[in-house]
Amino acid sequence: MTVSEVLENYNEENQNDISEKLKKLWISELDKKIAGELNQNREGLKSDFYSIEKDELFILNAPTEYDEIYSVYLKMKTDYYLGETERYNNSAKIYNNLYFEMGNFISRSFKKKNNTSLKVALNND
């Protein structure tokens, strides 16, 4: 899913005055977290993440099966930003469950890269 698709989907479902720049910053936060915590050291997954300086056609890191996590994250951040405590708590539960499920999916579906190396030093006394 691209950044522009996330924004389009989110804006259709949620009417608010949050700036596009702030929404892109939040998308960047989540994409960086996914790249660093879940995709790192996994074969077939990229570790490059979206930042607001990049094009809106940037393909985000969440697997296709979990594309909705970006909209859920934006909803959670919006609820927090607007001081909607009860809504934030509900959004946070949904986000946390989805993130946990996505992490399990990635662990099951993508092998770890074999980055192990053994360094041997000889003592030449």
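Lys23 touches Leu7, Tyr10, Asn11, Asn16, Ile18 and Leu74, leaving out residues up to four places away in sequence; contact here means heavy atoms within 4.5 Å. This is a predicted model, where local features need pLDDT of at least 70, side-chain atom pairs count only at pLDDT 80 or more, and totals for chains, interfaces and linings use all residues. Residues are numbered from 1 along each chain as its sequence is written, and side-chain values use heavy atoms, without hydrogens and water.

Lys23 is buried, at 3% relative accessible area. Buried means under 20% relative accessible area (1.4 Å probe, protein chains only). The Lys23 side chain makes a polar contact with the side chain of Asn11, at 2.5 Å. Such a contact is a pair of N or O atoms within 3.5 Å, one able to donate a hydrogen and the other to accept it; residues adjacent in sequence count only if both atoms are side-chain atoms.

Lys23 sits in helix 2. Helices are DSSP runs of H or I, at least four residues, numbered from the N terminus. The buried residues of helix 2 include Trp26, Ile27, Leu30 and Ile34. Among the elements covering them are helix 1 (3-13), helix 3 (69-81) and helix 4 (85-109). Asn41, with a positive phi near 65°, follows helix 2.

Next, the core. In the largest nonpolar core, of 30 residues, Ile27, Ile34, Ile69, Tyr70 and Met102 touch the most other members. Helices 1, 2, 3 and 4 each supply at least two residues of this core. Helix 4 gives the most, 7 residues. A nonpolar core is a set of buried Ala, Val, Leu, Ile, Met, Phe, Trp, Tyr and Cys residues joined through side-chain atoms within 4.5 Å.

Definitions and conventions: Buried means under 20% relative accessible area, exposed over 50%, partly exposed in between (1.4 Å probe, protein chains only).
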